[in-house]
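Look at the structure first, then read the points below.

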Amino acid sequence: MTFEHEVATKVAVPDGLPMAPRPFVIRRTRRETYDTFTLELESTIKTKPFSFAPGQFNMVYVFGVGEVPISISGDPDNMDKLLHTARAVGTVTKRMSALGKGDVLGIRGPFGAAWPLAEAKGKDVVIVAGGIGLPPLRPSIYSIMRNRGEYGRVCLLYGARTPSDILFPREMETWRKKHGIDVFITVDRSMKGWKGNVGVVTTLIPKATIDPLNTLAMIVGPEVMMRFSALELLKRGIDPATIYVSMERNMKCGIGLCGHCQFGPHFICKDGPVFPYNRIKELLMKREI
Amino acid sequence: MFQVAVTAMVYRIETAAVQSLIEVLHQQNYSVLGPTLRDGSIVYDELHDASDLPMGWTEEQRPGYYRIRKRNDEALFGFTLGPHSWKKFLFPSISKLFSASRNAKGFNVLKDKAEPKGGTKPLAFFGVRPCELHAIEIQDKVFASGDYKDPQYNNVRAQVFIVAVNCSHPAETCFCSSMGTGPGVEGQYDLALTEIIDEKQHFFLIEAGSPKGEQVLENIQHHPAEGNEVSKGEDVVRTAASNMKRTLDTRGIKELLYENAEHPEWEKVGARCLSCANCTLVCPTCFCNTVEDSTDLGGTEATRTRKWDSCFTLDFSYIHGGNIRTSTKARYRQWMTHKLASWIDQFGTSGCVGCGRCITWCPVGIDITDETRVIRDNNGSA
């Protein structure tokens with residue numbers, strides 16, 4: 001394959017039976033919004049800490065119910081706990097949201113390509129998140145905060161449906177106050193008491209406090225949002241070669257064997273989910289790919 | 001492409017030796033699988049002896065049409081291909097991936113039952129057509145050559161003994177010459193047969209393609225073939241090639257299909273396509289699958305089952321909030337573009353071997369060679 005860019009950081013594959021989940025126990029649960037929750041998990045095999053790279057995902061299994069791909073939302077430098085943040089929308093995630101401390105889930109992973117954090121060093125970073133697209137970006141934010149000095153200006157542009165859909169609000173305050181991350185939030189629909197921005201997330205892009213000529217962008221959200229965010233970033237003069245997006249498709253295996261996640265020639269599970277924008281921009285512009 | 005050693009000796013065996021061949025494979029503990037007549041079609045199943053082969057039968061294939069009929073001779077391989085392919089043995093349509101049991105600490109995966117190792121007998125595929133040999137090699141690339149390998153597939157595949165058969169009678173739906181996959185056997189086989197039959201004679205030519213094959217051959221009666229016998233074998237393949245009418249022009253096919261993702265033909269073929277998934281089930285390379293997780297009634301034992309899936313179902317592309325490929329047009333485009341174009345990017349080979357099954361078994365007779373032609377003839381008309 002000839003691509004203009006290298007695949008984002010590849011991560012070593014775990015050994016063992018590829019379709020058999022490894023049990024993880026729930027140590028804490030946290031309700032983020034009315035329909036979104038975070039599970040804090042710990043491997044039941046103490047000798048095998050869980051390490052991952054920001055942007056990777058796991059196949060998360062609820063005993064006898066099913067398995068779904070969910071990105072990892074925790075700190076890559078904290079190998080003791082594995083965090084998943086999900087919205088209760090399907091059979092598996094609804095069941096997952098009803099689980100509590102001490103319950104056990106199955107984990108296969110981590111899978112997929114990671115965010116290009118090494119490439120982002122020395123650059124400004126703009127992170128654009130739509131809705132449930134914020135959790136897959138949080139590991140990158142943790143990583144950037146830990147090595148804050150190695151990055152230039154860092155700007156998070158976050159769009160939620162309504163003020164009550166905003167994820168991690170208190171945490172975002174900390175990111176803003178203590179870690180020098182510029183956080184801009186907008187909502188699609190306002191509610192009583194909301195004094196912030198109203199409108200789609202792309203309306204925040206002109207506000208981003210970055211140097212377009214030396215910026216790396218990471219975008220996660222619905223496909224249409226990523227498409228328009230990329231176009232808006234291009235308008236600001238950002239080099240398309242420094243824009244990255246994270247794609248989503250149906251997945252049954254996570255390891256390139258089930259065929260479900262194909263996006264043109266790419267298997268989202270192993271070639272992605274993080275892709276350089278240049279590599280997939282033509283496909284992004286087509287419907288029903 | 002892997003080339004057979006040109007020095008491979010060609011031997012002659014009599015038709016009766018086909019029975020010996022099956023017996024020797026049985027003696028070597030193989031479960032012998034091959035073509036047999038059942039329910040009005042030639043399918044692949046257990047061969048107990050040579051009489052299970054569809055002797056004297058052939059078939060007529062056209063778009064959306066398959067009928068078996070009697071030949072006026074006793075050819076053992078006088079047919080082409082039925083609806084089955086060897087993938088059903090290497091990549092079964094339903095298989096258990098693991099079972100798990102609830103315990104005080106949550107659950108544990110039952111390792112002994114997980115992804116069963118080749119506890120069953122090794123398999124001998126008897127009568128593998130050249131296109132199918134290529135199809136197996138293509139599925140090897142999918143299941144046995146990536147970062148992740150499918151343990152079930154590999155366990156079975158590693159032990160397979162392949163008896164290939166050169167093609168003598170291409171069906172009307174065949175186009176292997178275009179895909180470079182036939183009608184002559186090429187690739188990794190253990191033994192290769194060529195059936196020679198006319199009014200005067202009926203015998204087989206046989207070549208060993210591996211030490212395993214040589215060892216089996218030693219156990220059956222065979223003689224070095226004479227020059228004119230060898231050339232008769234070459235004639236069989238040459239005649240088969242010249243009798244093949246259907247073609248698919250593969251020049252620049254990847255770019256052609258990538259650039260024509262919005263071609264109006266997709267709309268037209270989408271209107272004809274029933275989205276029935278037949279083409280993906282009969283295709284010897286289609287590998288898409290889904291998993292089903294279930295439990296027993298008590299909720300203490302859970303199982304994950306893998307099943308063949310098809311990109312023609314609506315469910316295939318489901319993500320929260322909806323399905324990606326809602327139209328039949330998009331699903332046909334996905335299938336054909338994957339088969340002929342993106343497969344090349346993914347696995348370094350076309351996903352099509354020109355066996356023509358998707359044409360024959362399509363209830364409305366959609367023809368992948370016609371669809372390619374229409375797009376090529378109106379290239380860029382999107």
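Buried area is the accessible area (1.4 Å probe) that two parts lose on being put together, summed over both. By that rule, domain 1 and domain 2 of chain B bury about 2500 Å² between them, with 67% of the area from carbon and sulfur atoms. Chain A and chain B bury about 4000 Å², 60% of it on carbon and sulfur atoms.

This is a predicted model, in which local features need pLDDT of at least 70, side-chain atom pairs count only at pLDDT 80 or more, and totals for chains, interfaces and linings use all residues. Residues are numbered from 1 along each chain as its sequence is written, chains are lettered from A and ligands numbered from 1 in the order in which they are written, and side-chain values use heavy atoms, leaving out hydrogens and water.

**Between the two domains of chain B**

- The domain assignment (automatic or from a database) gives domain 1 as 10-93 + 109-243 and domain 2 as 253-289 + 308-377.
- The centres of these domains of chain B, taken over C-alpha atoms, are 27 Å apart.
- In contact (heavy atoms within 4.5 Å) are 32 residues from domain 1 of chain B and 29 residues from domain 2 of chain B.
- B:Lys87, B:Ile138 and B:Phe175 supply 24% of the area that domain 1 of chain B buries against domain 2 of chain B, more than any other three residues.
- One salt bridge (a side-chain nitrogen of Lys or Arg within 4 Å of a carboxyl oxygen of Asp or Glu) is counted between the domains of chain B.
- A salt bridge joins the side chains of B:Glu132 and B:Arg357, at 2.5 Å from N to O.

**Between chain A and chain B**

- Chain A gives 39 residues to the contact and chain B gives 54 residues.
- Of the area that chain A buries against chain B, 21% comes from A:Phe63, A:Leu257 and A:Glu288, more than from any other three residues.
- The rule finds one salt bridge across the interface of chain A and chain B.
- A:Glu67 and B:Arg304 form a salt bridge, their closest N and O atoms lying 3.1 Å apart.
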